Amino acid sequence: MTGSANLAALLGFDTEFDATAPETRQKTSERVGISAVIVAGSIPVIGLQSAVVWWAFSLLSEAWMWASTGPRAYGKPAARAQRLAASFMASLSWVFIGLIYWATGQESSRLLTVALMAGILLYVVKACYKNILHLLVCALPPSVCILLLPLSYRASGAKLATLEGAMTLLIGFTVNSAVSAHQHHRRLRATTRELTEKREAAEAASRAKSEFLANMSHEIRTPLNGVMGIAGALAQTRLSRGQQEMVHLIESSASNLQVLVSDILDLTRIESGRLELGAEPFEPLAAVRACGDLFRDTFCAKGLEFTFRADPAASLLVLGDAARLRQIVCNLLSNAAKFTEQGAVTLTLSAEAREDRVRLVCKVADTGIGFDEATKARLFERFEQADGSITRRYGGSGLGLAISRTLAKEMGGSLTAESDPGRGSCFTLALELPAQPAAAQGEDGASSSAAVPDVAGLRVLLAEDHPVNRRVVELILGAAGVALTCVENGAEAVDAAAHAQFDLILMDMQMPVMSGLEAIRLIRESGGPMSRAPIYTLTANALPEHAQASAAAGANGHVTKPITPAALLEAVRRAAFEGGGHPAGRRSDAAVGGALASRG
């Protein structure tokens, strides 16, 4: 049995033969068209009756070929044998028309016969070289005909030998071409198969790495949430100077770890092709100024002069991802603070309105250590620093600039750098974003100027299975005067929402007994008083698909851990400001949720 299988594989009487069937079937119309042309040209030479009889035989063989190359015939030895027989018959039909020409006895017809046989061989090589068995079966009739035709030709021994030699050479060259084409095809198939396997292995490795990084990001964010939350709550209590310094160091270290986790997560999104950009109206001037304000104290603490300049046109509303813009600018400012020991840092924002678009150019210039041309060439590569000593002295993963440039490109812009070693650097972010229509600008401005209420006295339901994370939220909201009710899983959250009134529900996504998403869906579908209450997911799941899953379940916002007191209180304030309502009619809730996610 094994020997038969090996022989079948050697001859190509296997799935390789099946693979050529669609192409053979596809060329049926081509072969029928050629036969029609030959019939039309043959009538004056061989007569109407002979031409019609031959064409009927040819069409019959093509019909058999069509039937034997259908999808139902794949994988069956009997069907393969039938297809070989049909192929032999089709090739034989073409030989018959040549023999009919030869039988006329006319010199021109016999030359046409030889040309036709040569043409048949070339066509067979072109159409059947992928499978050696199919090639042999189809080439056999014309090859035998070419070898025997000179024997029926009235010629002397020398002339006959010359004709036989010529015919043999014709077949030899054809066979050589066929074998070469077949070997090339086999090598190409082997190479393609190898490349496919390597690509699939690389894709599998990339998916495994992305999943690992995403899982590790989740696992790191959960304890980091406890560290940052407790440190933030502790910072709001009365502390001695030494205690304040220790809390500040905890917050600073946790913040650095959070940035690293976020960079790794962004890298995962980029490599997996799942990086998504928002398209919400925002004011570039306010977004960039917020970045400058965030780092102002850092520059002041290092004794650096900080200057922010902006064009008035930058106050126009545009459509884009404000969180990603802030991420890029904050990364540039962070690098400026890190690599500048003395002197100044300047942040400038220029804007130029162009019909329905606004061109933004944001520059961060410093008087720091700078870098040379060799460093510039690899500065935006992943895990790159100027040199090893830079990493040891200043720290950092080398991901920030690579991710920032990728984000700039995804937003349709660019991020470039110019520097002079020892004299500072200048990074330039250029973007061109759609302008928000004037009517929409007025609406946005009206809503943003509304007063934000205090959170004291608000009733909040927290569903969180992790005791440390529950305690973090208790400390932050308790200090703000929020009436907090805690449950440990989604089922308890559904029960609590059915028996009490809350101004906001904070729901973890991954919990025992019932997940947060399922709990949200049940609350929304209950039809009770809480079915339209604001619900925010509060989770360490930070990928875009997690935020989409939250929205699909009915959540108004998606807040990612680790949380800070400011981010959590802003979510609570926003929920109180909006006054409840189903997420379908609450555009600002989703926008705020995205903003909080970017901060968390």
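This is a predicted model: local features need pLDDT of at least 70, side-chain atom pairs count only at pLDDT 80 or more; totals for chains, interfaces and linings use all residues.
Residues are numbered from 1 along each chain as its sequence is written, and side-chain values use heavy atoms, with hydrogens and water left out.

**The whole chain**

Begin with the protein chain in a cartoon view, where there are 22 helices and 12 strands, these being DSSP runs numbered from the N terminus (helices H or I, at least four residues; strands E, at least two). Of the 600 residues in the protein chain, 43% are buried, a word that stands for under 20% relative accessible area, with exposed for over 50% and partly exposed in between (1.4 Å probe, protein chains only). Among contacts with a separation of 6 or more, 72% are between residues 24 or more positions apart, where contact means heavy atoms within 4.5 Å.

**The second largest pocket**

Helices α4 (28–46), α5 (48–68), α6 (77–103), α7 (107–128) and α8 (132–148) each supply at least two lining residues, and the largest share, seven residues, comes from α7. By class the lining has 12 nonpolar, five polar and three charged residues, where Ala, Val, Leu, Ile, Met, Phe, Trp, Tyr, Cys and Pro count as nonpolar, Asp, Glu, Lys and Arg as charged, and the others, Gly among them, as polar.

Stay with Arg 31, which is found in helix α4 and is buried, with a relative accessible area of 10%. Leaving aside neighbours within four places in sequence, Arg 31 is in contact with Thr 24, Glu 62, Met 65, Trp 94 and Tyr 123.

**The five-stranded sheet**

Now move to the open sheet of five strands, whose order is β2-β4-β5-β7-β6 with mixed pairing. The edge strands, each pairing on one side only, are β2 (305–310) and β6 (414–420), and two strands pair if DSSP finds at least two bridges between them. Helix α11 (residues 284–301) packs on the sheet and touches β2, β4 (344–354) and β5 (357–366), its direction making about 175° with that of β2; axes are lines fitted to C-alpha atoms, for helices over the stretch in contact, and angles run from 0 to 180 degrees between N-to-C directions.

Select β7 (residues 424–434), which runs antiparallel to β6 and is joined to that strand by seven bridges. Leu 415 stands opposite Leu 429 in β7, and Ser 414 has Ala 430 as its bridge partner there. β5 and β7 also pair in the antiparallel sense, over 10 bridges, and Asp 366 is partnered by Ser 425 in β7. Eight of the 11 residues of β7 are buried.

Finish at Gly 422, which takes a positive phi near 80° in the hairpin of β6 and β7, where three residues lie between the strands.
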